[in-house]
Amino acid sequence: MNINLTLVGETIMFAMFVWFCMKFIWPPLVEAMAARKKSIEDGLQAAERGKEEHAQAKQNSEELLANTKNQAADIIANADKQANVMIDNAKGAASEEADKIKVHAKAELDQEIVKARNELKGQVSTLVMRGVNSVLEKEVDAKTHKDMLSKLSKSL
Amino acid sequence: MASGELTSSAYIKHHLQNLTYGKFPDGHWGFAENAIEAKEMGFMAFHVDTLGFSFVLGVLFLFLFAKAAKRASIDAPSGFQNFVESIIDFIDDNVRGSFKGQNPMVAPLALTTFIWIFLMNTMDLVPVDWLPVLAQKIGELFGADPHHVYLKVVPTTDPNMTFGMSIGIFLLILFYSVKEKGLGGFVGELTLHPFGKWMLPANLFLEGVNLLAKPVSLALRLFGNMYAGEMIFILCALLPFWIQWSLSLPWAIFHILIVTLQAFIFMTLVIVYMDMAHQKEH
């Protein structure tokens, strides 16, 4: 239990150990721990952000889907309407055309009838003339009675 | 355990004697063969066991922690790395809690103090006879008389060790007091408080005692606790071998607390003293 040079030796040793610890042990450990702490904090924050972004994206996609659905329904409804209109139009046009054709055919028929009637009239008048000629050969002068006969044929 | 012809008192004395290498009164250097020779060497002597064990333990601490420091990375730590980092965290918390100044040296100082003292105190838990008897056997191999081979295993039971550390702390206190407060500020702190300038001698006396008490109390507290603990282990070892455990086991279990506590107290006081040295307002 004597105080001797050991005292000085221990003081020097102590100083050396503290110096070494301060130089090579404390800083790298504390830095690594601080860096790890920071990276964990950042990771947690990023996870939180990611969660929020995910929720946002989900909401966006849902909205988008709903909009798209509405639009599709609109388009279908419009198309239906348009198709109906087109059908109606086509129906109208077709019936008009049919009417026109009918009218036209009727007119042609009428003309044919008139034509046939006129022809018939002419033939009948000729026939009548021949009949009358053969009956009244002498008394009737074709030239004198021609006017009367044509009047007759016209009134037929 | 004491061998046949050894008395209890001789056994205890043998255990309390350091392995001393020094300068004999006639001028040559050598190992002291007994306590009287060691005393005659005076200041020009080394306690080889204290220096050796403290050096080995200090290097062990630095080696293990430097290995951890080299492996320290941002990735998840495991095993020993975890252990080291929890200690670093513990020291860091303590320093942040007690030390208000800005000095990158205080935390490594606290860490070194804590672990080094803890390891040296832990040597107390090695059964008291193992290493001294081993040393005697080795000494015998080299032709020395085994009765004159001494070995004191616990460096902190040597006041040279504890005072060596506390003087280092004391020098740091003086250095940082002057550096932070200026020489005038430090002298003023020593002379103008607590009674004002008309009571200067009384102030100087009180503050001087206060200042000197720091290293002395640091060293004596650690030394006293560890010396007493070691003494009790030695006394336990005087019992017959089949009953020793009944005293030494409870004491060893209790001593685990003292080992840690003394290291912690020393470290905390170092931090507090460094904080006081850095405080400017007074």
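## Salt bridges overall

Across all chains, the whole structure holds 4 salt bridges (a side-chain nitrogen of Lys or Arg within 4 Å of a carboxyl oxygen of Asp or Glu). This is a predicted model: local features need pLDDT of at least 70, side-chain atom pairs count only at pLDDT 80 or more, and totals for chains, interfaces and linings use all residues. Residues are numbered from 1 along each chain as its sequence is written, and side-chain values use heavy atoms, without hydrogens and water.

## The bridge between chains

Arg36(A) and Glu85(B) pair in a salt bridge, 2.7 Å from N to O. Arg36(A) sits in helix α1 (residues 6–135) of chain A and Glu85(B) in helix α4 (residues 80–98) of chain B, so the pair joins two chains. Helices here are DSSP runs (H or I, at least four residues). Arg36(A) is buried at 11% relative accessibility, and Glu85(B) is buried at 6%. Buried means under 20% relative accessible area, and exposed over 50%, with a 1.4 Å probe and protein chains only.

## The A–B contact

Chain A gives 29 residues to the contact and chain B gives 54 (heavy atoms within 4.5 Å). Together the chains bury about 3,700 Å², 77% of it on carbon and sulfur atoms. That area is the accessible area (1.4 Å probe) lost on putting the two parts together, summed over both. The chains share 1 salt bridge.

## Bridges within chain B

Arg96(B) bonds to Asp92(B) in a salt bridge, with the closest N and O atoms 3.1 Å apart. The two are 4 residues apart in helix α4 of chain B, about one helical turn. Arg96(B) is exposed at 58%, but Asp92(B) is buried at 14%.

Lys181(B) and Glu189(B) form a salt bridge at 2.8 Å between the closest N and O atoms. Both residues are buried.

Methods. Chains are lettered from A and ligands numbered from 1 in the order in which they are written.
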